[in-house]
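I opened my notebook to jot down what I looked up in this one. Here are the entries, in the order I made them.

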Amino acid sequence: MTLTQVEAQNRSEQITVDNYRISLDLTHATSSNTFPSQATVTFHSKAPETHLDLVAEQVTSVKVNGAETEVDFRDDRVYLSGLDTERLNEVTVEALCIYSRTGEGLHRYHDPEDGRYYLYTQYEPFDAHRVYACFDQPDLKGTWDFELTGPESWSLLSNGAEIERETWETEDHIKVQTCRFAQTKRLSSYITAVIAGEYQKFDGGVWKSEDGDLQIPLGLYCRQTLAADFDTEDVFEVTRQGLEFFNNAYQFPYPWGKYDQIYVPEYNLGAMENPGCITFNEKMIVRGGPSRTQRSNRANTILHEMCHMWFGDLVTPRWWDDLWLKESFADNQGYFAEQEATQYTESFTTFAAARKSWAYTQDLRPTTHPIMAEIPDLDAAKQNFDGITYAKGSAVLTQLMVHLGRENFFGAARRYFQKHAFQAASFSDLIAALEEQTGRDLGPWVKVWLQTAGPSVIRATREGREFVLHQAGVPIEGHPETGKTIRPHTFTIAFFAANATEPFSVREVTMEAETLRLDLTEGEAAATMIVPNAGDETYALIELDAVSQASAMAGLLEIADTRIRAVIWQSLWMGVYNGRIDPAAFALAAVESASTEELGILREINLVRSVQVISHFLPRQRWAATAQPSLKLISSQVQDELEASPVDVDRARSWINAYAQLLRLHPTEEGLKELTELLEAHPEVINPALKWTILTTLAATGKLSQSELESHASGDQSGETQVFLATAKAAIPSLEVKQAAWKSALSGELSNEMFSATLEGINQASQYELLADLREDFFQQLESFWNNNSIGMGTRYVTQAFPSSPDLSAGVGTENELVKRTDQWLSEHQQASHALLRLVKEKRDDLVRYLRAQENA
């Protein structure tokens, strides 16, 4: 059962939490599906009745102020009565809670490679009560005392440092340990954490502040079977650099004691900011070694979560409508810290090239919302961890920093932390800190940037010696205000001559109206390339003038500044997305540019987009003609990379990956033969992930059977290989295979990651006709699957099983058979969960956009 904002507000008006004492017995985690959970909560209440949140198989006991009471447990709530309205109450709830396979609550993973077990918790925004009874809302903070019991050989971790441990033997002769942890400072329930299992620990020593007053023990943990591939020194280095950066920038010492980072399997997220006990997706540990792009992305995630130690953990949003108060800031500050404090100085280029697309595409959908969104309940909150809350909010904060100045921005953050430390705060509290710092009224800025939806569009044209910028909103269905919003933008404009590496002129402008006209010098008017928002200072869709766009499509080889290259490619990509630029021309231009691109992220994202453009934005009858020149160029590039001495492994892998992906759309005998030969010929390049990308292509094109795939997996029992194998087997172009894989996916027996892997294999863009029956079954099962599974699994079902590569031959626009079937489902299920409806509407929007592009291609 969800929790509404109204219910949460009513409860917070009645309740003040003092402390939680949590005791979990994980002794039988390897043999039982449930675990004993005991939560003792001390709190003041203004009313004699309230409820605690809890998901459990059974509640065995409830005590109120020392007296055993009748258990009233229904709809995932423990109802309490007879509370003392004058003095502190103590309530103890004992229950049998359930281990998870969906990544929510207390997730349990059995490593098939060595048989070890690994447990971790994931709660945001509303899953702590799957593990212990609590007031599961962010503003009801309390201190927490954890006691964990488990097998003697296991690591047991929580937010606080271990302060006591005793070992003993149970009646059934199991050697166990009980660990007690230091009491936390005041925390919201969703950022508490429990880790248990045979994790490998790496000791990073103690990080000390410059003055020596702050000393933070550093630890890293991962599965033992991944330990040999974990490049821990890079992680420790970034961690130390981040702690120095944020402690200096915020001038509020890191308050959570230790700094453990645990890399966990089958994780639904990239990472989670549990203070002192941060969890990460173990996919950031790459067998065979990560590329520089992967290391940079991991560094960014580390710093994002570290920022949360202040924005989110120290000061927490009162309710999820202010989710941006932590996520937009962490997103922004993660890139900022990475750029300024680490070796990964391409951070802002990565944001401009890749992260911003997430914001723009989300903001153009009919489900768009302001950065400050309305969140009526927890189901809505779970869907708002999106490109607007993260990436758009981050970009808007960059513009705010330009608007106010860097020192004012950080000065306001310091005021905010000092005033609201260990409390829950709201939007008005942060704005007050900004206004106090600057002495400026931010009301108008807040209204147009935070309280309106949709992106700005800044369109450039040349009129003789004038450069004209025109600003407009984007009309979005259901959001009439989006077509009218005019925002203030401050940004730079860079002017380039033909074949120049550096701009010969850079101007900073502020645009506050619909039109801005700039008088150009003779040289500026003749510029081969004029780039508005050259430093990616603002959030707007940039449409280059005709001369600059033609120059960009012809190649950006000479421009030295990687961020400017990223801004240009982002403009071109969104031009394809919005139907302004020919997808086929973009696909070839992207591949051609990749052959001369030195920066990994720009090369890799253009190769990925070149494939995506063909599979989604072009009709199938044009796939072959568009893919052929790209395949020829990629094949040649693969050979060049592999013949280089020494081989640049990162470059080679990116080209081989693109080759394998593109061959799924337009398989050639020569290309598939070449892929097959690569598997054995270059073991220094072909790591497990790339190996299985190739094998999945061979399977999807009918070159490998299930038994042949299983033979490729023989001798490798790793969990990763089992996931790769599931995808490859389900990709085989056989209706019988597809139906069996679909049945397996819907059986309820697969973990979250195996479920996603199976759906990924089934839903191949090149197999549209083969999937007709499964498409119909997808719609038939949709609402019941959503209602009978966690929202996390429901989201995976919608996003990965929805047939996302439509066929133009089945009708254009809203007359396409797939769009009509989606519209029929929406019409027949108007009372379905609003979170589910949102996801389906977003998928429909994708379909219509792809079909429009295909029709006009």
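**Charges over rings**

I started with arginine 775: its charged end sits over the ring of tyrosine 768, 3.7 Å from the ring centre. I'm noting here that the model is a predicted one. I then found another case, where the charged end of arginine 74 sits over the ring of tyrosine 79, at 4.1 Å from its centre.

Arginine 74 made me look at the strands. Which residue stands opposite arginine 74 in β7? I found arginine 77 there. Strands β6 and β7 (residues 77–80) run antiparallel and are joined by 2 bridges. They belong to an open sheet of 3 strands, in the order β3-β7-β6, with antiparallel pairing. I marked β3 (50–53) and β6 (73–74) as the edges: each has a single partner strand, so one side of each has no neighbour in the sheet.

**The cores**

Next I looked up the nonpolar cores. How many residues does the largest one have? I wrote down 249, and the residues with the most contacts inside it include Tyr132, Trp310, Ile568 and Phe586. Helix α13 (residues 562–577) gives the most to this core, with 10 residues. Apart from it I found another core of 36 residues, and Ala730, Ile762, Tyr768 and Phe778 are among them.

**Aromatic pairs**

I searched the whole structure and got 55 aromatic pairs. I picked tryptophan 569 with phenylalanine 586, which is edge-to-face, 5.8 Å centre to centre with 80° between the planes. This pair links distant parts of the chain: tryptophan 569 is in helix α13 and phenylalanine 586 in helix α14 (residues 583–594), 17 residues apart. Are these two buried or exposed? Tryptophan 569 counts as buried because its relative accessibility is 4%, under the 20% cut-off. Phenylalanine 586 is at 0%, so I put it down as buried too.

I also noted phenylalanine 778 and phenylalanine 802. Their ring centres are 5.5 Å apart and their planes are at 90°, so I logged the pair as edge-to-face. Where do they lie? Phenylalanine 778 is in helix α24 (residues 772–788), while phenylalanine 802 is in the loop between α25 (791–801) and α26 (817–828), so the pair ties together parts 24 residues apart in sequence. Phenylalanine 778 is buried, with a relative accessible area of 1%, and phenylalanine 802 counts as buried at 0%.

Terms used. Residues are numbered from 1 along each chain as its sequence is written. This is a predicted model: local features need pLDDT of at least 70, side-chain atom pairs count only at pLDDT 80 or more; totals for chains, interfaces and linings use all residues. Side-chain values use heavy atoms; hydrogens and water are left out. A nonpolar core is a set of buried Ala, Val, Leu, Ile, Met, Phe, Trp, Tyr and Cys residues joined through side-chain atoms within 4.5 Å. Buried means under 20% relative accessible area, exposed over 50%, partly exposed in between (1.4 Å probe, protein chains only). Helices (H or I, at least four residues) and strands (E, at least two) are DSSP runs, numbered from the N terminus. Two strands pair if DSSP finds at least two bridges between them. Rings of Phe, Tyr and Trp (its six-membered ring) pair if their centres lie within 6.5 Å; planes under 30 degrees apart count as stacked, over 60 as edge-to-face and the rest as tilted. A charge sits over a ring if NZ of Lys or CZ of Arg is within 6 Å of the ring centre and within 35 degrees of the ring normal.
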